[in-house]
Amino acid sequence: AKIVYQVNNQAQRNENWFSQIIDRFVHKNVSYFINASLKAKEQLVIQRKFDSDKILVVDNCVPLAKLKRSRSQICDELKIPESSFVITQVGFLSERKGQRYLIEAVKFLLEHYSILKDKLFLLLVGNGENEDLLRNLVNEFGLNKNVFLLGYRNDSDDFISAADVFVLPSISNEDMPLVLLTALGHGKPIIATDLAGISQVLQSGKNGILIKNNLDTLVNDLVLQIYTLYNDERLRKELSANAKLSYRRYTPENYGLRL
């Protein structure tokens, strides 16, 4: 039998001697490993000493779910104007996903641009260990009317499709996030950190906007790019059209062919 082992995240250094024995056993018995990004492959080689020739890079894929509701229906549900500027992020609520920096960016935008007060809304879809922390942050900043923590939803595609901009401010432990590919498929302008497989998917200024994965500048970069897209409808339309074209690379059909 041939064993193909898919690794979906960045490998960490393994200091435990017993785990190192297991690593050697796994490496010996697996025919090929698959990663979605070149960075993940690099980390398997550096951190776990796996043979580079046994590691193949195959892009992730995601099928687009059939939408259940329109943007107007979602706006009605949330009681916000359909003319709103909606930012969506879907993901596990954890430190590595960077939601706290996105909330801080929204706070800055609302404080410094009065025109956005009844216009800008952030939808966070997902649950996780940082949910209470993020909810407390929203309360502390007085953002309850502009930031919605919606919990886990099995209709997350609806919220991605309803967005004017999809933002993915991940700061660590990513490979090629499926929600990024979903946002491409729905033709969303995307702002994301330059990290792992994200930068393989996005060409900054063409099918999305990449910002530095730097905690010292992350909030400011999010503010700048969100405000830029808010003011530039032409750029949003250009990024949207190119995003849809880019999605063709990440269809289940193409994934099957690459396998």
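## Nonpolar surface patch

Trp17, Phe18, Ile21 and Ile22 make up a nonpolar surface patch whose accessible area is together about 450 Å² (Shrake-Rupley method, 1.4 Å probe; for residues, only the protein chains shown count as cover). Patch residues have over 30% relative accessible area and no salt bridge; nonpolar side chains (Val, Leu, Ile, Met, Phe, Trp, Tyr) are joined within 5 Å, like charges within 9 Å. Trp17 lies in helix α1, residues 17-29 (helices are DSSP runs of H or I, at least four residues, and strands runs of E, at least two, numbered from the N terminus). With 62% relative accessibility, Trp17 is exposed (exposed is over 50%, buried under 20%, partly exposed in between; 1.4 Å probe, protein chains only).

The model is predicted: local features need pLDDT of at least 70 and side-chain atom pairs pLDDT 80 or more, while totals for chains, interfaces and linings use all residues. Residues are numbered from 1 along each chain as its sequence is written, and side-chain values use heavy atoms, without hydrogens and water.

## Salt bridges

The salt bridges number 17 (a side-chain nitrogen of Lys or Arg within 4 Å of a carboxyl oxygen of Asp or Glu). Glu95 pairs with Arg100 at 3.2 Å between the closest N and O atoms. Both residues are partly exposed, Glu95 at 31% and Arg100 at 26%.

Arg69 bridges to Glu77 at 2.1 Å, N to O; Glu77 is partly exposed, at 35%.

Arg69 also forms a salt bridge with Asp158, at 3.6 Å, N to O. This pair links distant parts of the chain, 89 residues apart: Arg69 is in the loop between β3 (55-57) and α3 (71-78), and Asp158 in helix α6 (residues 156-161). Asp158 is buried, at 2% relative accessibility.
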